[in-house]
Amino acid sequence: MAWIPIFLNVTGKKIFVLGSGEVARRRAKKFIKAGAEVILGSNKSLRNFNTKPLHEMEKWIKWADIVIVATPDKYLNEKATKLAKNKLVNRADDLIKGNIAIPSVFSINDIQISIFTKGKSPLMAKYLKEKIKSCINEEDVLNVELQNYARKKIKNLFNDHRERKKILYKLFNDKKIKEYLKDGNLEKAKNYVDKLLQR
Ligand SMILES: C[C@@]1(CC(=O)O)C2=NC(=C\c3[nH]c(c(CCC(=O)O)c3CC(=O)O)Cc3[nH]c(c(CC(=O)O)c3CCC(=O)O)/C=C3\N/C(=C\2)[C@@H](CCC(=O)O)[C@]3(C)CC(=O)O)/[C@H]1CCC(=O)O
Ligand SMILES: NC(=O)c1ccc[n+]([C@@H]2O[C@H](COP(=O)([O-])OP(=O)(O)OC[C@H]3O[C@@H](n4cnc5c(N)ncnc54)[C@H](O)[C@@H]3O)[C@@H](O)[C@H]2O)c1
């Protein structure tokens with residue numbers, strides 16, 4: 001399997017996006033929102049984006065940690081990919097010519113889910129996103145919070161990670177906790193965990 005999913009912290013990372021069309025702007029917004037420093041390469045200057053003219057492309061590709069190639073111009077896209085050498089490159093026009101893919105994503109609180117079809121069908125990735133969304137309920141979201149709470153607590157109480165794992169599975173399978181979370185009562189579940197851990 002050539003592609004593996006990775007969650008990348010892009011805070012402060014430098015991103016060069018080649019293009020100024022719909023896809024380039026969509027990509028740029030995604031990275032800006034996540035805290036990256038984004039420069040768009042285009043002869044059109046766009047409001048709300050930091051754009052640089054194309055004759056400076058080489059300089060900005062050198063500057064970047066990640067290069068996103070998103071114009072319909074195959075020749076230009078190839079040129080940018082060559083200049084990027086061994087950098088991380090996303091090709092919006094031809095997946096396999098790059099080495100990172102932008103998947104379809106959704107988040108519910110801190111649960112992030114990405115769907116990728118290896119370039120076969122972005123439409124299906126978008127559709128499956130909605131289908132998977134409907135499988136995750138409030139109880140799951142609260143259980144993430146509860147597990148986080150319990151993990152932090154037991155980190156100080158038990159040195160052995162196998163022991164910690166056992167406890168977390170026990171809490172996950174506990175009937176009472178399930179009931180509390182089903183009722184949306186995270187605080188009660190937390191208090192119950194406190195009591196169990198005191199024993
Ligand atoms: C997930 C999402 C993220 C995003 O873009 O933000 C995304 N495409 C989305 C939508 C979408 N894209 C396209 C359609 C029209 C219907 C269709 O073609 O299916 C729709 C649907 C719509 O717009 O409604 C057309 C299209 N897309 C690519 C090509 C080039 C090619 O295939 O050659 C063409 C043909 C252009 C043409 O015909 O010329 C390529 C890629 N698009 C990818 C991601 C990567 C593969 C992901 C995967 O394999 O799962 C990859 C490889 C590039 C990459 O990694 O950057 C986003 C959904 C956002 C959401 O979830 O809401
Ligand atoms: N990844 C995806 O989700 C996805 C979706 C649709 C299309 N695509 C692909 O991404 C590419 C861009 O699609 P789009 O919808 O953003 O296109 P678009 O038509 O919206 O935008 C094209 C933009 O690219 C710029 N451009 C065109 N030729 C250029 C050149 N020679 N030099 C510099 N800039 C140039 C133009 O300024 C124009 O604004 C296409 O190859 C398309 O097949 C990808």
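**Close-up views of the predicted model**

View 1. K118 is partly exposed, with a relative accessible area of 48%; by the cut-offs used here, buried means under 20%, exposed over 50% and partly exposed in between, with a 1.4 Å probe and protein chains only. The model is predicted, so local features need pLDDT of at least 70 and side-chain atom pairs count only at pLDDT 80 or more, while totals for chains, interfaces and linings use all residues. Residues are numbered from 1 along each chain as its sequence is written, chains are lettered from A and ligands numbered from 1 in the order in which they are written, and side-chain values use heavy atoms, with hydrogens and water left out.

K118 is found in the loop between strand 7 and helix 4; helices (H or I, at least four residues) and strands (E, at least two) are DSSP runs numbered from the N terminus. Although K118 is not a glycine, its phi is positive, at about 55 degrees. N48 also has a positive phi without being a glycine, in this case near 70 degrees. The loop that holds N48 runs between strand 2 and strand 3. With a relative accessible area of 74%, N48 is exposed.

**View 2. W3 and F116 form an aromatic pair.** The whole structure contains 3 aromatic pairs, that is, rings of Phe, Tyr or Trp (its six-membered ring) with centres within 6.5 Å, called stacked if the planes are under 30 degrees apart, edge-to-face if over 60 and tilted otherwise. For W3 and F116, the ring centres are 5.7 Å apart and the planes stand at 70 degrees, so this pair is edge-to-face. W3 belongs to the segment before strand 1 (14-18) and F116 to the loop between strand 7 (111-115) and helix 4 (122-133), so the pair ties together parts that are 113 residues apart in sequence. Which of the two is buried and which is partly exposed? W3 is buried, at 18% relative accessible area, whereas F116 is partly exposed, at 34%.

**View 3. Y180 and Y192 form an edge-to-face pair.** Between these two tyrosines the distance is 6.0 Å centre to centre, with 70 degrees between the planes. Y180 is in helix 7 (residues 175-182) and Y192 in helix 8 (residues 186-198); the two residues are 12 apart, and the pair links distant parts of the chain. Y192 has a relative accessibility of 17% and counts as buried.

**View 4. Helix 8 carries several buried residues.** The buried residues of helix 8 are L186, A189, K190, Y192, V193, D194 and L197. The spacing of such residues can be read against a general rule: an α-helix has 3.6 residues a turn, so residues three or four places apart point the same way. What covers the buried residues of helix 8? The cover includes helix 5 (138-157), helix 6 (161-173) and helix 7. K190 is a lysine, yet its relative accessibility of 19% counts as buried. Beyond its neighbours within four places in sequence, K190 is in contact (heavy atoms within 4.5 Å) with L146 and Y149.

**View 5. N148 lies in helix 5.** This residue of helix 5 is partly exposed, with a relative accessible area of 34%. N148 and L168 are 20 residues apart in sequence, and their C-alpha atoms are 9.8 Å apart in space.

View 6. The order of the strands is 3-2-1-4-5, with parallel pairing; two strands pair if DSSP finds at least two bridges between them. Strand 3 (51-52) and strand 5 (88-91) stand at the edges with a single partner strand each, so one side of each is left without a neighbour in the sheet. Strand 1 and strand 4 (residues 66-69) pair in the parallel sense over 4 bridges. L18 has V69, in strand 4, as its bridge partner. Helix 3 (residues 74-84) packs on the sheet and touches strand 1, strand 4 and strand 5.

**View 7. Strand 6 and strand 7 form a hairpin.** Strand 6 (residues 104-108) and strand 7 run antiparallel and are joined by 5 bridges. V105 stands opposite S114 of strand 7. The hairpin has 2 residues between the strands, and N109 takes a positive phi near 50 degrees. Which residues of strand 7 lie on its covered face, and which on its uncovered one? I111, I113 and I115 make up the covered face, while Q112 and S114 make up the uncovered one. In a regular strand the side chains alternate between the two faces of the sheet.

How values were computed:
Axes are lines fitted to C-alpha atoms, for helices over the stretch in contact, and angles run from 0 to 180 degrees between N-to-C directions.
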